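Please open the model in a viewer and keep the selection panel at hand.

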Amino acid sequence: MRFTKATNYALHTMLTLLDASPVKPIGVQQLAELQGVSPTYLSKILTRLVKAGMIESVSGVNGGYRLSRKKDDITFLDIIHAIEGTASLFECDFVHGDECSIQAVMKEAEEKMESHLKNTKLTDLVQKQTRV
């Protein structure tokens, strides 16, 4: 199983914004430099996060991005869904009866992974890092 690099950048960006001041937005240039990615590419990712309601864009000279939801409400699954969508990771293309047993196993595994990601918040990661 593999998520795109966009998800990786989105997770790291959200972690940076989680740590930032809720008043002063961070510019796309600064966010891009922190991750070594082009601002143009990161802008596309940020647009998805804005559309998902997790961050907001602030216009102007001192503009940029900041969280628009409470820190404690943002889960790994929210971010992944904003970038990757909600389609299943595995779809059986064969026609054989009511339900494919392979599909059932894959669906169960995906549900367990989604449950874990839904129950893991970005703030959980920050708390673990501060304890180390």
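**Stop 1**

Select E108, which is partly exposed with a relative accessible area of 42%; the term partly exposed covers the range between buried (under 20% relative accessible area) and exposed (over 50%), with a 1.4 Å probe and protein chains only. The side chains of E108 and K112 meet in a salt bridge, 3.3 Å from N to O. A salt bridge here is a side-chain nitrogen of Lys or Arg within 4 Å of a carboxyl oxygen of Asp or Glu. Because E108 and K112 are four residues apart in helix α5, about one helical turn separates them. Side chains of opposite charge can pair when their charged atoms come close.

The model is a predicted one, in which local features need pLDDT of at least 70 and side-chain atom pairs count only at pLDDT 80 or more, while totals for chains, interfaces and linings use all residues. Residues are numbered from 1 along each chain as its sequence is written, and side-chain values use heavy atoms, with hydrogens and water left out.

**Stop 2: the whole chain**

Zoom out and colour by secondary structure. The chain has six helices and two strands, where helices (H or I, at least four residues) and strands (E, at least two) are DSSP runs numbered from the N terminus. Read from the N terminus on, the order of elements is α-α-α-β-β-α-α-α. Along the principal axes, the C-alpha atoms fill a box of roughly 60 × 35 × 25 Å. Of the 132 residues in the chain, 31% are buried.

**Stop 3: the other salt bridges**

How many salt bridges does the structure hold? There are three. Select R66 and E56, whose side chains meet in a salt bridge at 2.6 Å, N to O. This pair links distant parts of the chain: R66 lies in strand β2 (residues 64-67) and E56 in strand β1 (residues 55-58), 10 residues apart. R66 is partly exposed, with a relative accessible area of 23%, and E56 is likewise partly exposed, at 31%.

Next, select R69 and D78. Their salt bridge has its closest N and O atoms 2.9 Å apart. R69 is partly exposed at a relative accessible area of 27%, and D78 counts as partly exposed at 25% relative accessibility.

**Stop 4: helix α4 and the residue after it**

Select α4 (76-84). Which residues of α4 are buried? They are F76, L77, I79, I80, A82 and I83. Step on to G85, which follows α4 and has a positive phi, near 90°.

For a distance across the chain, select I80 together with Y41. Their C-alpha atoms are separated by 17 Å, although the two residues are 39 residues apart along the chain. Y41 belongs to helix α3 (residues 39-51) and counts as partly exposed because its relative accessibility is 33%.

**Stop 5: the largest pocket**

Select F3, E84, G85, A87 and L89, which lie nearest the centre of the largest pocket among its 13 lining residues. On a 1 Å grid over the protein atoms alone, a pocket is an open set of points where a 1.4 Å probe fits, with protein on both sides within 12 Å along at least five of seven lines, and lining residues have an atom within 4 Å of a point. The volume of the largest pocket is about 160 Å³, a volume being the space filled by probe spheres set on the points, which are joined across faces, edges and corners.

The elements that give two or more residues to this lining are α4 (76-84) and α5 (101-119). The most comes from α4, with four residues. By class, the lining has six nonpolar, three polar and four charged residues. In this classification, Ala, Val, Leu, Ile, Met, Phe, Trp, Tyr, Cys and Pro are nonpolar, Asp, Glu, Lys and Arg are charged, and the others, Gly among them, are polar.

**Stop 6**

Select D93, found in the loop between α4 and α5. D93 is exposed, with a relative accessible area of 70%.
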